[in-house]
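This briefing goes through one protein model by topic, with the cut-offs stated where each term is used. Please keep the sequence and the coordinates at hand while reading.

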Amino acid sequence: MSKKRPGGESLPSAPSTATGPSPDHEVPAATPVPDPKRWWALAVIALAQLMVILDGTVVNIALPSAQRALGMSDADRQWVITAYTLAFGGLLLLGGRIADLVGRKRTFVFGLAGFAAASALGGAAAGPGMLFAARALQGAFAAVLAPSALSLLATTFTDPKERARAFGVYGALAGGGSAVGLIVGGLLTEYLNWRWSLYVNVPIALAALLGAPAFLRDRSGRRSGHLDVPGALLGCGGLVALVYGFSEAEPRGWSSPSVLTPLVAGVVLLAAFVWWQSRAASPLLPLRIVRDRVRAGSLATMGLATIGMFGVFLFLTYYLQVVLGYPPVRTGLAFVPISAGIVIGATQIAARLLPRTAPRTLMSSGMVLAAAGMVLLSSLTVHTQYVTHVLPALLLLGLGMGLTFMPVYATATAGVPAQDAGVASAVLNTVQQMGASLGTVLLNTIATSATGRYLHSHVRGPDADGATLDQGMVHGFSVAYRCSAGVLLLAALVAGLTVWHRTPKHAGHDAPA
């Protein structure tokens, strides 16, 4: 059977396992009974999300202290960050499908407990190898926890107004958690020691673990399915190879075999993964999830947004500490405006507007605001004042990201059937994680190259003085910020052209398990 659009185009009828009603034809569905404990469930989910997002940056400011304490070499210190991103980015799809098969509440609790244990292990590290292993374990458990949390949120809140509010909180944490991590890392490092940047996860996880059994309602998934082992090996192997190749590009150079080999291998493995998913009986990633134009546009917008924004934290941290001489705590506090902007943009603006505003309008507007903030940052000099240039730029960036992240999370997970909620959430998290890794590497390479060219043209003797080095560094940052602005404007264009969709009246609902 088929339906007809007003223009005569045939549309296939959607079976029970389809990705939900089309944006033009919504099939009436019975309104599910709201869970009376859903707002407490949001608090538990938010705690877990905050912990995962914090861990992406909280260790950054503590890294110099950890390096000195454990005797790490300059070449090895990157593995404190890379071990986490490799495991997290590479295993997200597998974690999402396990959540669908085993049950999201079970995997949520398992991920929380494992993340807390890995954090405690890292805090007690006696040497670099122990710390690297603990960070990899954190990433692996986060790959189970993150898609479980997002899919639980998507299936708990089905009313459009409540869903907008819930995803506003989630989007604020997703966007602002990185900046908050810099603040927390600075405070813990300066007033306690670097080990507390890892220990801090333990009480957060314990609080979430206490609330999970009481407030979370699990939802039915594909309990009778089977795990796609070949797909898991191909998909996870391809993502790990790509993340590893990107992480090695900065220290070794893009032409190094250590970079080209994993990048080529990653592309080949991912191509084989897509081929296999179209033929597997129980695919790890059902291709119907990413074939939907609206969802694909939302994913592309998220990927471009994270590519463009993650250079802010890296470059501005160095600018504030090295050029302006800020101590760790003051550096962390300097990022408060971007966190405040994200919270306001996600919870007070986007969450209120989404039920009656097209998601593409919010996404595109947010990306334009963020691009304007990047343009302001590109005008920084070694003598720029924080209040006159950095502060307004961070406010614009925060508001822009809040306006973007909230509708992206809500739209990308809308209309996904219950049995695919975990893997759909994992895809969104994977795009975000890969975008952050790629953005940091590419923008850092651009900044370093621009700094090198500046110093080559301005230094006449064998060595450069401190002022010239600072000027070269700021010049490199400015070039990278302009590139970031271009990426964010591209994200605005993608959202405007692809996300032609209104929020479904009831999305992501299913029966309790």
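In which helix is Met 374 found? Met 374 is found in helix α15, which runs over residues 359-377, where helices (H or I, at least four residues) and strands (E, at least two) are DSSP runs numbered from the N terminus. The model is a predicted one, in which local features need pLDDT of at least 70 and side-chain atom pairs count only at pLDDT 80 or more, while totals for chains, interfaces and linings use all residues. Residues are numbered from 1 along each chain as its sequence is written, and side-chain values use heavy atoms, with hydrogens and water left out.

**Overall make-up**
- The protein has 18 helices and two strands.
- Of its 513 residues, 55% count as buried, a term that stands for under 20% relative accessible area, with exposed meaning over 50% and partly exposed lying in between (1.4 Å probe, protein chains only).
- The accessible surface of the protein comes to about 20200 Å², of which 67% belongs to carbon and sulfur atoms; such areas come from the Shrake-Rupley method with a 1.4 Å probe, and for residues only the protein chains shown count as cover.
- Among contacts (heavy atoms within 4.5 Å) between residues at least 6 apart in sequence, 84% join residues at least 24 apart.

**Nonpolar cores**
- The largest nonpolar core has 119 residues, and those with the most contacts inside it are Phe 108, Leu 153, Leu 316, Tyr 319 and Leu 377; a core is a set of buried Ala, Val, Leu, Ile, Met, Phe, Trp, Tyr and Cys residues joined through side-chain atoms within 4.5 Å.
- Helix α12, covering residues 293-323, gives the most to this core, with 14 residues.
- Apart from this core lies another, of 13 residues, among them Val 59, Leu 70, Trp 194 and Leu 198.
- Setting aside residues up to four places away in sequence, Phe 108 touches a set of residues including Val 44, Ile 45, Leu 145, Leu 152 and Leu 216.

**Helix α3**
- Helix α3 (residues 79-102) has a kink of about 50° centred on Leu 92, the bend at a residue being the angle between axes fitted to the seven residues ending there and the seven starting there.
- Because 19 of its 24 residues are buried, α3 is largely enclosed by the rest of the structure.

- Met 374 counts as buried because its relative accessibility is 0%, and, not counting residues up to four places away in sequence, its contacts include Gly 308, Met 309, Leu 397, Tyr 481 and Leu 488.
- Met 374 and Gly 486 are 112 residues apart in sequence, whereas their C-alpha atoms are 9.2 Å apart in space.
- Met 434 is found in helix α17 (residues 421-458) and, at 14% relative accessibility, counts as buried.

**Two buried loop glycines**
- Gly 415 lies in the loop between α16 (386-412) and α17, and its relative accessible area of 15% makes it buried; its C-alpha is 9.8 Å from that of Ile 289, 126 residues apart in sequence.
- Gly 127 is found in the loop between α4 (104-123) and α5 (128-156) and is buried, with a relative accessible area of 15%.
- The C-alpha atoms of Gly 127 and Ala 69 are separated by 8.8 Å, the two residues being 58 apart along the chain.

**An exposed tyrosine**
- Tyr 191 has its place in helix α6 (residues 160-191), and at 59% relative accessibility Tyr 191 counts as exposed.
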